[in-house]
Structure formats: C-alpha cells, structure tokens
Amino acid sequence: MGPMSSPIEFLELLAREAAAVEFEGPLLAARAAGLPAERLAELEQAKVVALRVRALLERRRQREVELSGLYDTASDLAGLRDLDAVLRAIVHRARHLLGTDVAYMTLNDDEHGDTYMRVTDGSVSARFQRLRLPMGAGLGGLVAQTDTPYATANYPEDARFHHTGEIDAGVGEEGLVAILGVPLRLGPSVIGVLYAANRSARPFAREEVALLVSLAAHAAVAIDTARLLLETRVALAELSAANATIQAHSASVERAAAAHDRMTALVLRGGGVEDVAAAVTDVLGGALLALDAEGRLLARVGSIGEPDRAALVEAVVASRAEGRSVRRGPLWYAAVVAGTENLGALVLHPDDELVNADQRILERAALVTALLLLFRRTVAEAEGRVRGDLLDDLIARPVRDAEALRSRARRLGVELDAPHVLVAVGDDVIATTGSARQRVVSWATTYASNRGGLAAARDGRVVLMLPGQDAGAAARAVVRDLSRVTGRPVTAGSSGPSTGPASLGTAFREADRCLTALWALGRAGEGASTAELGFVGLLLGSVTEDGDRDVARFLADTVGPVVDYDARRGTALVKTLEAYFGVGGSLARAAEQLHVHVNTVTQRLERVGQLLGPDWQKPERALEVQLALRLHRLRTPTT
C-alpha cells in the first residue's frame with residue numbers, strides 16, 4: 001500500500017482542513033498503485049465518511065460565526081441572557097441617556113399585520129401600554145415605512161404623520177408631546193421602532209438621534225440573538241463529537257469570551273478608557289493607544305508612539321467604512337464610533353499575529369470605549385448644567401434660602417462662604433456661531449470646575465465664580481487662557497472677593513460694569529477688576545453702549561492739548577498736573593513729589609494755563625480736568 005492509500009490519510013486531511021477536492025488524492029494514488037478492488041472500495045467508503053465529517057465541521061464553523069453575534073451585544077447589556085431583561089435595559093438606558101420622560105419599543109406582529117407595545121419605561125397610562133398601531137400609522141409607521149429616524153417637537157400638531165383616534169387618545173392620555181423614533185433593523189428588514197418621548201415640547205439633537213439609533217441596533221441584535229441562541233445550542237450538541245478536531249480554535253474563542261466578560265465587568269463597576277486599554281493588552285499582548293476624535297491621547301498602555309495624523313485619519317475612515325478593525329503595517333486600528341459620530345480610535349501594536357477572534361476583541365473594546373465616552377460626555381454635560389443653574393440662581397435673583405444654596409454648592413464641592421471672585425467675559429467672545437459659543441461655555445465650565453468654582457452663560461456673558469481673593473489676577477488669567485482657546489482677544493471684568501450667597505449677585509453686577517468700563521476706556525482684549533479701575537471706571541461701566549458720554553471726545557476737549565504737547569515735546573505736563581491735584585494744589589509738595597524745583601512746577605503750570613486757558617483752576621473746570629486726567633490714566637494703564 002502506497003503512502004497515500006491508507007484511510008488514516010483522510011484524518012490527516014481533516015486535521016489540516018484540506019479542500020474537498022484533496023480527498024480524491026488517496027483514491028487516485030491507490031488506483032495508480034494498482035490496488036485491488038476491495039481496497040479501493042474500502043478507501044472509497046473512508047472518503048465518504050471523511051467528507052461527511054468535514055461537512056459537519058463546516059457547519060460547526062458556520063455556527064461559530066453566528067455565535068459571535070453574542071459577543072457584539074453592547075457593553076453591560078451583552079452580559080444579560082434573558083431577552084425581556086435585555087429589552088427592558090435598552091429602553092431604560094434610552095430614557096436615561098436622552099433625559100426624556102418616557103421611552104418605549106414597538107415590534108411588528110406579522111400574524112395580525114400591526115405593531116404592538118413591547119416594552120415601556122416611564123409610562124403611567126395603561127391605555128398607552130396596551131396600544132396597538134396599524135401599519136403606517138403615526139410617527140412609528142412613517143419610521144417603519146421609510147427605514148429612517150423621525151422626530152417631532154410637537155406630535156399632536158405635526159401633520160406629517162397619519163393620525164388615528166386610537167393612537168392620539170393613547171398619546172394624549174400619556175401626555176406625550178415631543179417624540180423621536182428610530183427603526184430596529186434586522187438585515188434589510190425593519191422589525192420595530194424604538195422611541196424616546198417627552199411630555200413637553202423639545203427638539204432632539206443629532207447626537208441624541210445617533211445614540212438612539214445605536215441602542216436600536218443593540219435591541220435588534222438582542223432579539224436576533226435569542227433566536228440564534230437556540231439554534232446554536234442545537235448546533236453545539238450536534239458537533240460535540242468533533243470537538244477534539246477543533247481544539248486549535250478553542251484558545252482564541254476562550255480569549256474572546258474572557259475579554260468580553262472582563263470589559264462587561266469593568267463597565268458595570270464604573271471603569272474608564274484606561275481600564276479598557278489595559279484589558280485589551282492583558283488579553284492580546286502588545287501596546288495600545290486610545291485617542292479621541294481630534295487625535296488627542298486618552299490612554300496609553302505599553303511602549304507605542306502616536307501614529308502619523310494622516311495615516312490615523314485614513315485608517316479610521318477605512319475602519320468605519322468596513323465596520324471592522326483594519327491593519328496598516330504593524331498596527332491595527334479600530335474606529336470608536338456611536339451611530340454616525342466619530343469619537344476616536346484604538347491603535348494596537350500586538351506582539352503576535354491577530355486571528356479573527358482577536359480582531360473581534362479589539363472591535364468590542366472600541367464599542368465599549370464609545371459607550372464610556374458617551375457616558376462621560378452625558379455626565380459632564382449634566383454636571384455643567386447643574387453648576388450653571390446654581391450660579392444662575394446665585395447671581396440672577398434675590399437669595400431667599402441661603403442654606404439650600406449652600407447645600408447645593410457643597411454637593412458640587414463648592415464652599416460659598418469662602419472668598420470668591422466673579423469674572424464676566426464679554427459677549428464679543430460668544431456672539432459667534434453656535435459651535436464656537438458652545439466651545440467657550442464648555443471651556444468655562446471645565447476651567448471653573450477644575451478650580452472648585454462655577455460657570456454659566458448669562459445675558460450674553462460668560463460668568464465664572466472662582467475661589468480666591470485677587471479679582472484682577474483672575475480676570476487676566478481668564479483672558480490669557482480663553483484667548484488661546486478662541487484665537488481672538490478676550491475682554492474680562494472682575495469683582496470681589498465676595499463671601500456668602502447673598503453677596504454674589506452684587507459682585508456679578510460690579511464685574512459686569514467693570515467689563516463695560518473696559519470697553520468704554522478702549523481697553524478691549526484686557527482683564528481688570530473694579531478695584532483697579534476705581535470709582536471713575538465703575539461710573540463709566542454704568543453707562544450703556546449708546547449712552548451720551550463719549551470718553552475720547554471728553555478727553556480731547558478737556559486735556560487734549562496738554563497730552564498732545566507732552567507727546568510732541570517729551571515734557572511732563574500731565575504728570576505735573578496729576579501731582580499738583582494729588583497734593584491739594586500745593587506747589588512745594590508737588591515739587592517734592594516730582595523731585596524738581598518749585599520754579600519748575602510753576603513754569604509747567606503756566607504752560608498748562610497757556611494750553612487750557614486761564615480758567616483751568618476754577619473749581620468747576622478743575623473738576624473736569626481731574627476727571628479727564630483719571631480717565632487718561634485708565635486708558636493708558638501701562639504708562
């Protein structure tokens with residue numbers, strides 16, 4: 001018997017997963033060797049059995065691909081195996097993340113030809129919870145027909161949808177006004193609709209639509225997984241006899257399962273992006289970077305440099321388009337996305353080659369990272385709103401319950417009885433596009449929060465309440481840092497220090513007047529406090545933009561000739577006038593302060609009289625001159 005004429009060779013072909021055509025090899029070799037008919041028949045029988053086993057193994061591999069859908073269920077929802085619990089968790093998460101009054105899900109009933117309410121969260125109406133919708137009716141009907149998300153800020157008055165008495169009665173009893181619906185897609189079909197609804201009119205942002213679309217995708221996968229799970233269990237039972245042949249695949253599958261469980265656990269216990277990165281490298285080895293949408297570093301594990309910006313952008317675009325991780329040289333890239341929004345990327349430099357299961361671990365980590373970033377953003381926005389509301393209550397209206405305000409502040413880590421300064425940033429910074437304005441408000445919220453303070457947008461201003469006692473230094477620090485963020489000059493007025501809830505409103509108004517005074521003095525792009533401007537500055541700050549005071553003209557008419565004379569001749573007439581008035585009109589004391597002879601002071605004042613007229617020392621005229629000198633000093637604080 002030749003080397004290719006033994007039935008054992010068919011087992012070797014099975015072990016190396018040979019193509020079906022290769023199973024003819026032993027027979028061909030046997031015929032070429034001239035083996036008798038009974039041996040050929042024996043080999044033929046062995047070939048048939050081997051091909052049957054091979055077909056069984058192929059079915060097992062196919063079932064493994066379907067089973068991988070279990071591992072793609074999002075973050076902590078993936079750990080649930082009961083379909084009802086999964087759907088309830090998804091609907092509850094939709095309501096929680098979008099901040100709506102109600103969230104619910106309808107599924108198509110092919111037998112009855114309509115849709116029924118599958119899960120509700122936040123609903124109080126029994127009629128609404130039993131609602132069945134004819135195909136094509138209401139907002140959900142349009143979503144299912146067009147396979148497109150729809151939103152309405154006021155459903156009862158929106159004529160885009162086919163209203164029916166039963167639907168409108170149920171929606172009315174529940175009190176719903178604003179509704180967002182997105183399709184639950186399973187392959188090419190729409191099997192239902194996931195909704196988020198509010199009992200008052202409100203718009204839905206693009207990010208909210210993207211988040212609900214992502215949750216709807218998870219719900220569709222969970223529904224399909226319930227069906228696949230039963231089929232997979234049957235397949236596993238059928239293929240249990242072939243387990244010894246596929247042991248080589250077990251390690252990667254177990255690794256994927258362990259990674260899945262670990263990432264699910266870290267989400268449940270409140271882990272962060274750094275924990276996800278550590279979990280991936282612990283399982284796969286190598287080094288990993290987590291980057292945000294701008295390419296900034298979120299986490300780094302191991303020794304790995306940041307990729308070229310152009311290469312990163314190209315790889316992330318490719319990963320999003322393919323819906324998989326992609327390889328570029330020694331690096332693997334997985335896009336971190338939520339719906340259509342790009343949130344960043346994971347970049348892995350593995351120690352060894354990645355098999356398919358390993359790639360899925362990286363992709364699953366990207367999904368978990370997206371969820372963590374969305375949660376972090378939601379928490380930050382919510383905290384920013386809470387901090388902004390508290391500051392608004394402190395500065396916008398009379399304080400009626402100081403202890404309640406102190407309690408709210410302590411929960412945010414702010415001690416209102418400690419000294420604080422108020423900084424008002426000019427509306428020239430935020431009177432731009434919506435995105436730029438939001439960036440400024442977001443910066444101010446983060447800046448104040450990091451320093452144990454508060455920030456809010458108020459009456460076209462951005463207001464910051466910061467711990468400390470040096471109001472001027474705080475205003476200049478805000479001007480410096482915010483100018484770098486916006487790329488344009490920033491003006492900020494400040495007041496304080498102020499202690500206690502009742503004094504903050506007054507401090508804000510003083511900071512706002514200080515800001516107005518800076519503009520009136522031609523000092524836009526600077527920061528200063530009320531103490532630094534003094535009484536004259538605050539007097540200017542109380543005048544509106546279209547008031548009847550023109551600072552530049554007043555200066556020109558009052559002391560303009562003296563200022564111009566100093567500028568042309570290099571003299572010190574302005575300084576002499578300031579010293580003269582500062583010592584109450586004493587020539588001797590003015591000379592002493594200026595370190596010159598009394599005759600020099602007399603000569604200078606005579607020159608002032610020639611420039612301003614002989615009546616410049618009369619009480620009424622002298623007051624105007626002194627005010628003009630103070631304004632001139634405020635307009636040129638560095639001189």
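Okay, before anything else: what we're looking at is a predicted model.

E9 covers residues 326–328, and E10 covers residues 331–338. The two run antiparallel and are joined by three bridges. Together E9 and E10 make a hairpin, with two residues between the strands. Gly329 is in that turn, and its phi is positive, about 65°.

Now keep going along the chain. E10 also pairs with E11, residues 341–349, again in the antiparallel sense, and here there are seven bridges. Trp332 is the one to look for, facing Leu348 in E11. This is a hairpin too, with two residues between E10 and E11. In the turn you'll find Gly339, with a positive phi of about 65°.

Next, the open sheet. It has five strands, and the order across it is E13-E14-E12-E15-E16, with mixed pairing. Which strands stand at the edges? Those are E13, at 454–458, and E16, at 527–529. Each has a single partner strand, so one side of each has no neighbour in the sheet. Going from one strand to the next, the twist averages 20°. For a closer look, take E15, residues 492–498, which pairs with E16 in the parallel sense over three bridges. Ala492 stands opposite Gly527 in E16 there.

Now the helices, and H21 is the one to keep in view. H21 runs over residues 573–582. Seven of its 10 residues are buried, which leaves the helix mostly covered. Those buried residues are Leu573, Val574, Thr576, Leu577, Ala579, Tyr580 and Phe581. Just past the end of H21 there's Gly584, with a positive phi of about 75°.

What does H21 pack against? For packed helices in general, you give the angle between the axes and the distance between them.

Take H22 to begin with, residues 587–594. The axes of H21 and H22 come within 8 Å and cross at roughly 130°. The crossing is right-handed. On the H21 side the contact uses Lys575, Thr576, Ala579 and Tyr580, and they meet Leu587, Ala590, Gln593 and Leu594 in H22. Sorted by class, that's five nonpolar, two polar and one charged.

Then there's H23, residues 598–612, whose axis is 10 Å from that of H21, at an angle of about 105°. That makes H21 roughly perpendicular to H23. From H21 we have Leu573, Thr576, Leu577 and Tyr580, and from H23 we have Val601, Arg604, Leu605, Arg607, Val608 and Leu611. By class, this contact has seven nonpolar residues, one polar and two charged.

Terms used:
Residues numbered from 1 in each chain as written. Predicted model: local features only at pLDDT ≥ 70, side-chain atom pairs only at ≥ 80, totals over all residues. Heavy atoms only, no water. Pairing = 2+ DSSP bridges. Helix = DSSP H or I, 4+ residues; strand = E, 2+ residues; numbered from the N terminus. Axes fitted to C-alpha atoms, helices over the stretch in contact; angles between N-to-C directions. Left-handed = near helix turned anticlockwise from the far one by under 90°. Contact = heavy atoms within 4.5 Å. Nonpolar A, V, L, I, M, F, W, Y, C, P; charged D, E, K, R; others polar. Buried < 20%, exposed > 50% of the residue type's maximum accessible area, 1.4 Å probe, protein only. Parallel < 35°, antiparallel > 145°, perpendicular 65-115°, else oblique.
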